[in-house]
Amino acid sequence: MAEVKKSVESDNAKDILTKIENKSLKIESLIKQYKFIEAIKTALEGYPPRDERCKSANWIGVHKALMAIKDVEGMLRSLDPQYYDILMKYIYRGLSTGNRTTCDQCLKIHEKLTEKAGFGCILRSLADTVNTV
Amino acid sequence: MASTLRLYLTCIRNTLEAAMCLQNFPCQEVERHNKPEVELKTSPELLLNPVLICRNEAEKCLIETSINSIRISLKVKQADELENILAKKFLRFLSMRAEAFQVLRRKPVQGYDISFLITNYHCEELQKQKLIDFIVQFMEDIDKEISELKMSVSTRGRLVATEFLKQF
């Protein structure tokens with residue numbers, strides 16, 4: 001029974017991986033067209049996946065979109081408030097990478113996002129142990 | 001350079017403001033015991049996600065929170081061998097006098113240079129804002145202290161060498 005469940009899960013994971021790859025390609029094309037805000041919205045949409053590989057694949061797409069942003073204020077102004085929590089989770093994942101350029105960008109976005117969304121956003125990203133990114 | 005430091009400290013300050021909401025919570029396993037849950041990590045429902053904030057490859061800050069305690073571990077910048085030794089000695093000096101600091105941990109967490117452990121009792125006796133100010137100020141001052149120590153070591157070395165070589 002457990003074996004059947006595992007094979008079903010890995011099929012699901014493959015589906016999710018293909019979906020994430022399509023999303024990545026879409027994000028890249030949006031970035032090339034200078035549509036940074038749409039790129040970020042596409043990246044943040046969808047439920048964060050459960051599987052570790054899917055999470056890493058999803059993170060790569062979000063990372064590309066985050067690094068392409070130059071105007072942080074404008075981006076946050078046009079982003080829906082429902083995306084703030086998930087964006088905060090991705091920012092903390094970016095901060096944990098240790099890469100200098102990623103961390104610089106993530107620190108900038110973190111400051112502006114905290115001003116906009118408040119401490120509740122930070123606490124929700126800390127407290128949510130179920131839907132981690 | 002200075003702006004990344006400011007952003008790094010702001011990020012840590014904001015995260016601590018949000019994470020430092022501690023309350024008294026008696027131990028679930030043992031009667032009449034009260035332990036800092038972040039150190040023991042026995043019950044996952046009492047722990048929040050640990051957060052790692054890196055400024056670059058060398059400097060980082062790990063913030064682990066639980067229901068009644070928060071542990072903050074820092075890794076300070078060490079550019080060369082001399083700074084490495086100075087930082088190690090200086091922070092060991094501070095850690096050994098942890099009683100006087102109250103919130104300092106005697107041994108840093110593995111992989112970091114110094115750790116703080118703040119419990120709900122500290123939050124009751126001391127002001128939360130002041131605690132956060134203390135930690136951020138500590139991070140600013142540590143870098144200055146280590147540069148000062150390095151400068152005084154090189155100055156002394158130069159003086160000693162000059163005096164010694166005068167006889168030749």
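This is a predicted model: local features need pLDDT of at least 70, side-chain atom pairs count only at pLDDT 80 or more; totals for chains, interfaces and linings use all residues.
R100(A) itself is partly exposed, with a relative accessible area of 43%. Side chains of opposite charge can pair when their charged atoms come close.

## The contact between chain B and chain A

How many residues does each chain bring to the contact? Chain B contributes 22 residues, and chain A contributes 22 residues. The area buried between chain B and chain A comes to about 1,900 Å², and 66% of it is given by carbon and sulfur atoms.

Charged and polar pairs also cross this contact. Between chain B and chain A there are 2 salt bridges, one of them being the pair of E57(B) and R100(A). A further count gives 8 residue pairs in polar contact between chain B and chain A, with both residues at pLDDT 80 or more. On the side of chain B that touches chain A, α1 (2-19) and β1 (51-54) of chain B each provide at least two residues. The largest contribution to that side is from α1(B), which gives 11 residues. By class, the residues on the side of chain B that touches chain A comprise 12 nonpolar, 6 polar and 4 charged.

## Overall build of chain B

Chain B contains 6 helices and 4 strands. Their order along the sequence is α-α-β-β-β-α-α-β-α-α. Taken along the principal axes, the box filled by the C-alpha atoms of chain B is roughly 75 × 35 × 25 Å.

Chain B has 168 residues, and 43% of them count as buried. Among the contacts in chain B with a separation of 6 or more, 58% involve residues 24 or more positions apart.

## The β1-β2 hairpin

Strands β1(B) and β2(B) form a hairpin, with 5 residues between them. The pairing of β1(B) with β2 (residues 60-65) of chain B is antiparallel and extends over 4 bridges. Within this pairing, L52(B) stands opposite L62(B) in β2(B).

Which residues of β1(B) are buried on its two faces? V51(B) and I53(B) are buried on one side, and L52(B) and C54(B) are buried on the other, so both faces of β1(B) are covered.

E64(B) is located in strand β2 of chain B. Is E64(B) buried or exposed? E64(B) is buried, because its relative accessible area of 9% falls under 20%.

The side chain of E64(B) makes a polar contact of 2.9 Å with the side chain of K41(B). Apart from neighbours within four places in sequence, E64(B) is in contact with several residues, including V38(B), P50(B), S69(B), I70(B), R71(B) and S73(B).

## Salt bridges within chain B

Over all chains, the structure holds 18 salt bridges. One of the pairs within chain B is formed by K75(B) and D113(B), whose closest N and O atoms are 3.8 Å apart. This pair connects distant parts of the chain: K75(B) lies in strand β3 (residues 69-75) of chain B, while D113(B) lies in the loop between α4 (98-101) and β4 (114-119) of chain B, and 38 residues separate the two. K75(B) is partly exposed, at a relative accessible area of 25%, whereas D113(B) is buried, at 17%.

D141(B) counts as partly exposed, with 30% relative accessibility. Elsewhere, salt bridges with shared partners join E39(B), K41(B), E64(B), R71(B) and R105(B) into one network.

Definitions and conventions. Residues are numbered from 1 along each chain as its sequence is written. Chains are lettered from A and ligands numbered from 1 in the order in which they are written. Side-chain values use heavy atoms; hydrogens and water are left out. Contact means heavy atoms within 4.5 Å. Buried area is the accessible area (1.4 Å probe) that two parts lose on being put together, summed over both. A salt bridge is a side-chain nitrogen of Lys or Arg within 4 Å of a carboxyl oxygen of Asp or Glu. A polar contact is a pair of N or O atoms within 3.5 Å; within protein, one must be able to donate a hydrogen and the other to accept it, and residues adjacent in sequence count only if both atoms are side-chain atoms. Ala, Val, Leu, Ile, Met, Phe, Trp, Tyr, Cys and Pro count as nonpolar, Asp, Glu, Lys and Arg as charged, and the others, Gly among them, as polar. Buried means under 20% relative accessible area, exposed over 50%, partly exposed in between (1.4 Å probe, protein chains only). Two strands pair if DSSP finds at least two bridges between them.
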